[in-house]
Amino acid sequence: MSITRRGLLGTAAVAAALTLGLAGCANSSSIGGGSSSSAAASGGATASGDAKSIVVGSANFGENEILGYIYGGALANKGYSVSYKPAIGARAAYLPALQNGEINLVPEYAGSLLSYLDKTANAKSGDAVKSGIDAKIGTLNAKALDFAEAADSDSLNVTSSFAKEKGLTSIADLSKAGTVTIAANPEFATRPDGIKGLQSVYGLKDVKFKAINDGGGPTTLKALLNDQVQVADIYSTTPSIKQNKLVTLTDPKNLFASQQVVPIVSTSKATSDLESIVDGVSAKLTTEDLLDLNTKASGSDKPDYQALAKAWLSEKGF
Amino acid sequence: MLFLQAIQWILDPEHWAAVNFQAGIAEELGAHLWLSFLALVFTAAVALPVGLYIGHTGRGRGFAIVVANVVRAVPTLGLLSVLLLVSLALPPAVFVFVLLGVPPLLAGAYAGLEAVDRQTIDASRAMGMTEWQILRRVELPLAAPLILGGLRGATLQIIASVTLVSNFGINSLGDFILGGLAANDYVQMTAGAILVTVLALLVDGLLAVVQRFAAPRGVSRGRGTTTARGRRLSVPTGTPVSEGN
Amino acid sequence: MDWVWSHLDLIWSSTLAHVALCVPAIVLGFVVSVPLGYWASRSTAARGVLLTLGNVLYTIPGIALVVLVPVVLGLPILNPLNVTIALLIYAVAIMVRSAADAFASVDADVRGSARAQGFSGPQLFWRVELPLAGPVLLAGIRVVSVSTISLATVAALVGIPSLGGFFTDGFQRSFATEVVTGLVAVLVLAAVFDVVIGLIGRALMPWNRGRRLTSRAAKTLATAVPGGVGANL
């Protein structure tokens, strides 16, 4: 039996060694587009490293991951050592990660970022949003760079038959549609430009809410098409809007803020060199590009996000 | 403190009616229980007959163990994703949770029957009982505590896991957890977790009481299964995938 | 299938990340649970408390645990350790019960005769009780292994790489191939772990070869383990 005992200890030692070894080699892999870029052979580059090593994070939906690879790719092409932490999750997860330096750069959307930073913010126009963000973003130890022209806003959509039946073209028209249920991400319930905004800005009283946590993705779409909900909040650059002939309700009272793409970067990394590279990318990024990238990403051949980003970069001459 | 705030959150009557314009605790609780109940009914419909057949005849045990253990390895999140990509409706969701419930209940059913002393069964047979009578009047009562133990395992598993459907837009107590996560509201999130845990434990406690009374008189409780030592029994249902060792 | 072949490197790196999340949880879960289980087998009060606690921990939804671990412990949000700690909690919740049953299955007469032969406390544990509890411990750790590997997929929901990333990404793109790939990878990984653990058990317990589990403990294990799949998100 003493053999057993030695055997046990030996196994424990092997297991421990295995554990350490594996923990060492699984640093920055990712789903949806491969792992770290060519220049990041050193692996888990952290915020404390030199200014030329950057960890790019992204939210957990395709478009944002592609944007992360676009900005990261442009930096890698200019000699930065870039690694990625894609698909981190909701804003409440990746912004704190930026704040404590686990990531250094993340593509954001101006309006949502502002309402995260300042719960009472009411700015709608691009400039007001920009100054609102600039005033608060210091709390994240980060800096907002130039806004891209590209925007991906919330948009409320109904099926074309429902629109025809109730005569709907704008959000205000929902008041004559009786009780409707709106599907959106869970945070729509607490955001000032969510349900609360629909009530206060448009005076809609008969709205119910159904949280579906996929950012206007397949579940939201199915719920809308099945009439489980009558209105769906789907990001405006989502191809499914066109593909399913949904009617996007206009927003005459500007409930939804400008949601231009804005890269935010750790202050410690924000050299003028980096800023000029990133701003250069933002200057060429259009809403059509986003729609195009999203269409390709959900197309039948399911290309990798990183490959899509690379193609966009070479097409635009980066 | 997070925990106390979460308790307060739960005790707030407003939250029972509605939370952030959505279903309140009462409605989510109802949805959660209903889905769990459906899953449990289907689980029983599958696992009990099969488990009783295996336990009574001793046939097909190896096969059942392998199937149950492979099923155990299937990640619920992945399976739900596939099924809900195909259709957004309750049936596939329930089906996933039936898979979760089957292994423990199946194991409970056949382990319960196998634990019945062979001599007791032989005696029943010698008394002229039919197989059906043996199953119903001898094996089932003696196996009841273990079968209910399996049912408890299945119930815990199902109630805790039903939380997942919220990720796919179906109502359950998981809505509070995901909503809290999205809005950075740890209090609501903790409250959701507490609600699920308390619900699971309450139902489990209820079944434990039933289990206690289910043991026939004359059978010592804790050991519900008085067996002769070194019996043929081989029930490593805890052994995943392959049994050979 | 083309997608699978062109993404083998991604599947491999995700698998490694997944393994790195799981192995420490499984190994530590075993190491922590054995003494706790031993204690539970010696004292009815300890048994009651530990097993109840295990049940409570086991029913905490996985996503809540994964998110709350960094909040409570003050760890960085993207640290894979958060997931490993959550997995460890579940592993202990399951394994303590198995370990308690394993030690309870050691015949009192056997213990008594070992005592009579002059075995000291530690000798008794290492040379009599632990080997005799071995088969049931082995069955328990196999359940823990499978359920941990299955459960670790929730890491995807908090942005930590694992095989679960194929589920969330595939679902978002309505791409069933990717989700199924993740499913198959998890099943294969679980099977590989099971075989490895089985082989380790064989090597450590040569006397157990070809013998089947006997006794009350095996049955208890069958029904008392709160289920294996674990993915109680």
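**Contacts, cores and salt bridges**

Author: B:Ala73 has its place in helix H4 (residues 61-73) of chain B, and the model in which it sits is a predicted one.

Reader: Is B:Ala73 buried or exposed?
Author: The cut-off for a buried residue is a relative accessible area under 20%. B:Ala73 has a relative accessible area of 2%, and therefore it counts as buried.

Reader: Which residues does B:Ala73 touch, beyond those up to four places away in sequence?
Author: Within chain B, B:Ala73 and B:Ala182 are 109 residues apart in sequence, and their C-alpha atoms are 29 Å apart in space. Once residues up to four places away in sequence are left out, the residues that B:Ala73 touches are C:Val146, C:Ser150, C:Val186, C:Leu187 and C:Ala190.

Reader: Which residues have the most contacts inside the largest nonpolar core?
Author: In soluble globular proteins, nonpolar side chains tend to be buried together. Here the largest nonpolar core has 112 residues, and those with the most contacts inside it are B:Leu80, B:Phe97, C:Val83, C:Leu87 and C:Leu137.

Reader: How many residues does the second, separate core have?
Author: This second core is separate and includes A:Val56, A:Tyr109, A:Leu117 and A:Val261. Its number of residues is 61.

Reader: With which residues is C:Leu87 in contact, leaving aside its neighbours within four places in sequence?
Author: C:Leu87 is one of the residues with the most contacts inside the largest nonpolar core. Leaving aside the neighbours within four places in sequence, its contacts are C:Leu21, C:Cys22, C:Ala25, C:Thr148, C:Leu151 and C:Ala152.

Reader: How many salt bridges does a search of the whole structure find, over all chains?
Author: One group of such pairs is a network that links A:Asp154, A:Arg191 and A:Asp193. Over all chains, the number of salt bridges found is 17.

Reader: Where do B:Arg125 and B:Asp122 lie?
Author: The side chains of these two residues meet in a salt bridge, with 3.9 Å from N to O. B:Arg125 is partly exposed at a relative accessible area of 38%, and B:Asp122 is partly exposed at 42%. They are three residues apart, about one turn of the helix, and both lie in helix H7 (residues 118-126) of chain B.

Reader: How many residues apart in sequence are the parts that the pair B:Asp204 and B:Arg152 ties together?
Author: The side chains of B:Asp204 and B:Arg152 meet in a salt bridge of 2.9 Å, N to O. B:Asp204 lies in helix H10 (residues 186-214) of chain B and B:Arg152 in helix H8 (residues 131-162) of chain B, so the parts tied together are separated in sequence by 52 residues.

Reader: Are C:Arg142 and C:Asp194 buried or exposed?
Author: C:Arg142 forms a salt bridge with C:Asp194, and the closest N and O atoms are 3.0 Å apart. This pair links distant parts of the chain, since C:Arg142 is in helix H7 (residues 121-151) of chain C and C:Asp194 is in helix H9 of chain C, 52 residues apart. Relative accessibility is 1% for C:Arg142 and 0% for C:Asp194, and so each counts as buried.

Reader: Which residues make the nonpolar surface patch of about 430 Å²?
Author: One of them, C:Val188, is found in helix H9 (residues 176-204) of chain C. C:Val188 counts as partly exposed because its relative accessibility is 48%. The patch is made by C:Val180, C:Val184, C:Val188, C:Val192, C:Val196 and C:Ile200.

Reader: What feature does UniProt place at residues 15-201 of chain C?
Author: This span is 82% helix and 0% strand, and its end C-alpha atoms lie 24 Å apart. The UniProt entry, which is unreviewed, places here the feature "domain: ABC transmembrane type-1".

Reader: What feature does UniProt place at residues 52-315 of chain A?
Author: Chain A has twelve helices and ten strands, and 58% of its 318 residues count as buried. Over residues 52-315 the chain is 41% helix and 16% strand, with the end C-alpha atoms 25 Å apart. For these residues the unreviewed UniProt entry gives "domain: ABC-type glycine betaine transport system substrate-binding".

Methods
Residues numbered from 1 in each chain as written. Chains lettered and ligands numbered in written order. Predicted model: local features only at pLDDT ≥ 70, side-chain atom pairs only at ≥ 80, totals over all residues. Heavy atoms only, no water. Patch = residues over 30% accessible without salt bridge, like charges linked within 9 Å, V, L, I, M, F, W, Y side chains within 5 Å. Areas by Shrake-Rupley, 256 points an atom, 1.4 Å probe, with all protein chains shown as cover. Salt bridge = Lys/Arg side-chain N within 4 Å of Asp/Glu carboxyl O. Helix = DSSP H or I, 4+ residues; strand = E, 2+ residues; numbered from the N terminus. Buried < 20%, exposed > 50% of the residue type's maximum accessible area, 1.4 Å probe, protein only. Core = buried A, V, L, I, M, F, W, Y, C linked by side-chain atoms within 4.5 Å. Contact = heavy atoms within 4.5 Å. UniProt positions renumbered as here; feature names shortened; annotations may be inferred.
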